[in-house]
Amino acid sequence: MSFWLSKNNFKQALNSRLFYKAFAGFWLTIVCIFLLLVLFTRLQGELLDNDPLHGRQLDSLNHLKRNIVRLVEDHNKTLQQAVDHPRLSRHSMILLVHDNIDKTITTGNNDRNLNLSVLNDLGDENVPSQIRTERYVAYGPVDISLNQEAYRLYQIKPLRRPMLFHSIRMLPVWMKLLAVFIPSVILSIFLTIYLITPLNTLSRSARRLAQGELNVRAPSESQRKDEVGQLIHDFNFMADKLTHSIQAHKQLLADVSHELRTPLTRLNLANAMAQDTAGAATQSYLARIEKESQCLDKMLADVLTLSRLEYTVHQLNIESIPLSSLLQELLQNAKFEAHQHNKTLSNNAIPDLELNCDAALLTSAIENITRNAIKYADSCIEFDIMQQAGELVILIKDDGQGVDEVALTELGNAFYRTDSARARQSGGIGLGLAIAKRALFAHQGDIHFANHQPHGLTVTITLPL
């Protein structure tokens, strides 16, 4: 309610182009409904509506009946002369309906070409009524006997102008509902398509942008000058700025990492020279410096690798290679490493398949994930390989503590580490899984993380065959 009480919101609504389009759409629907009702009245033909006749109107009709009988029987007037008598037909017409249509008589001044045949079609209806049509009102019938012939008497009063709204009111209910339903549905569909289609497109573009497709943009509709068009323009402007900001940030990170390699190399060289001349007391410190320098060199290499995979065009050396050649040595090394940590790694038989891939990059990615599982497993790791629906699926399971459900969606993001199950004392800066993830994406593959029962983490790798 406070929205409508705000003057600013009210002014913004009045100045909105969508407001006028919605307003025009509403009144267009009303006009179309009215025109369709008018069309139905024309297609339906002459419509009748009647109410029981009583009181003064019934007395007037009986008085007319007595006058006609008197003219015919007492003054020897013909039936035509009686119904044409000026005093009786001055303001209305008289109709005498006979079962034989050729004997039906009407006042001769039907200059408005009123359709009186509908009264003939009423048959033996003897209940006096007020019968309304679009162009006249008829009162009757009452039975009258003239010259030993039975007639039904109607008094007809023409209307000055057609009763359009009365004709619409007399339409059948199903026609009225149809007249409302057709324009409402058609115009609602067109209005919905006009408004919702660009919003759905914008929503899909936003989701793709959120998933990391920085080059995605919403299709621009230059002819739209309303708020939807402005929203699309603002979204694309935001995406441009966001893409530029992220790329500049990553480029800076890559440049800094690259530039640090040179002083790091000089540091390693100076450390090696110092070790040659240092005494026994300082050797341990120099060895520590060498170890930390190697760790830093590994981190910088990981950053540069991630930068090449994610933000530059990375050329893959694609070749067809047997799956056994790709995984055999990797599994042997992984089993040896697991054994060194008093853990076991088991695997099923490697399928006899050929895989088109960059062997070095893909092996590095799978090895990184496997070593990660070994690091956090309590005692055993399972490495299962299978073929499903034209895809290679690799399941790597450990029996460690698993990962918090909230953190599962963050695994594989650069520089992300969990603080609960995966202790920070293990080292690293959270680039291993990120590099593996980008390497799999470069092969049109995917990676999925999930906890399993009773505890532990399952990493599912899928690659197209």
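**Notebook: rings, salt bridges and a charged patch**

I began with Trp 27, which counts as partly exposed because its relative accessibility is 44%. This is a predicted model, so I keep that in mind for everything below.

**Aromatic rings**

I looked for ring pairs next and got a count of 1 aromatic pair. The partners are Phe 26 and Trp 27, with ring centres 5.3 Å apart and planes at 80°, so I noted the pair as edge-to-face. That label follows because planes over 60 degrees apart count as edge-to-face. Phe 26 comes out at 46% relative accessibility, so I put it down as partly exposed.

**Salt bridges**

I started with Arg 152 and Asp 99, which form a salt bridge with their closest N and O atoms 3.2 Å apart. This pair links distant parts of the chain: Arg 152 is in strand β6 (residues 149-158), Asp 99 is in the loop between β2 (93-97) and β3 (105-106), and 53 residues separate them. Is Arg 152 buried or exposed? I have Arg 152 as buried, because its relative accessibility is 8%, and buried means under 20%. Asp 99 is at 64%, so I marked it exposed.

Then I checked Lys 103 and Glu 149, whose side chains meet in a salt bridge at 3.4 Å, N to O. I noted Lys 103 as partly exposed, with a relative accessible area of 36%. Glu 149 is also partly exposed, at 25% relative accessibility.

I moved on to Asp 240 and Arg 217, a salt bridge with the closest N and O atoms 2.6 Å apart. Asp 240 lies in helix α10 (residues 227-277) and Arg 217 in the loop between α9 (173-210) and α10, so this bridge ties together parts 23 residues apart in sequence. I have Asp 240 as partly exposed at 41% relative accessibility. Arg 217 is partly exposed as well, with a relative accessible area of 28%.

**Positive patch**

Which residues form the positive surface patch? I listed Arg 66, Arg 70, Arg 87 and Arg 90. I followed up on Arg 70 and placed it in helix α4 (residues 56-73). Its relative accessibility is 36%, so Arg 70 goes down as partly exposed.

Terms used:
Residues numbered from 1 in each chain as written. Predicted model: local features only at pLDDT ≥ 70, side-chain atom pairs only at ≥ 80, totals over all residues. Heavy atoms only, no water. Patch = residues over 30% accessible without salt bridge, like charges linked within 9 Å, V, L, I, M, F, W, Y side chains within 5 Å. Areas by Shrake-Rupley, 256 points an atom, 1.4 Å probe, with all protein chains shown as cover. Salt bridge = Lys/Arg side-chain N within 4 Å of Asp/Glu carboxyl O. Lys, Arg positive; Asp, Glu negative; His and termini not counted. Charge placed at Lys NZ, Arg CZ, Asp CG, Glu CD. Helix = DSSP H or I, 4+ residues; strand = E, 2+ residues; numbered from the N terminus. Buried < 20%, exposed > 50% of the residue type's maximum accessible area, 1.4 Å probe, protein only. Phe/Tyr/Trp six-rings, centres within 6.5 Å; stacked < 30°, edge-to-face > 60°.
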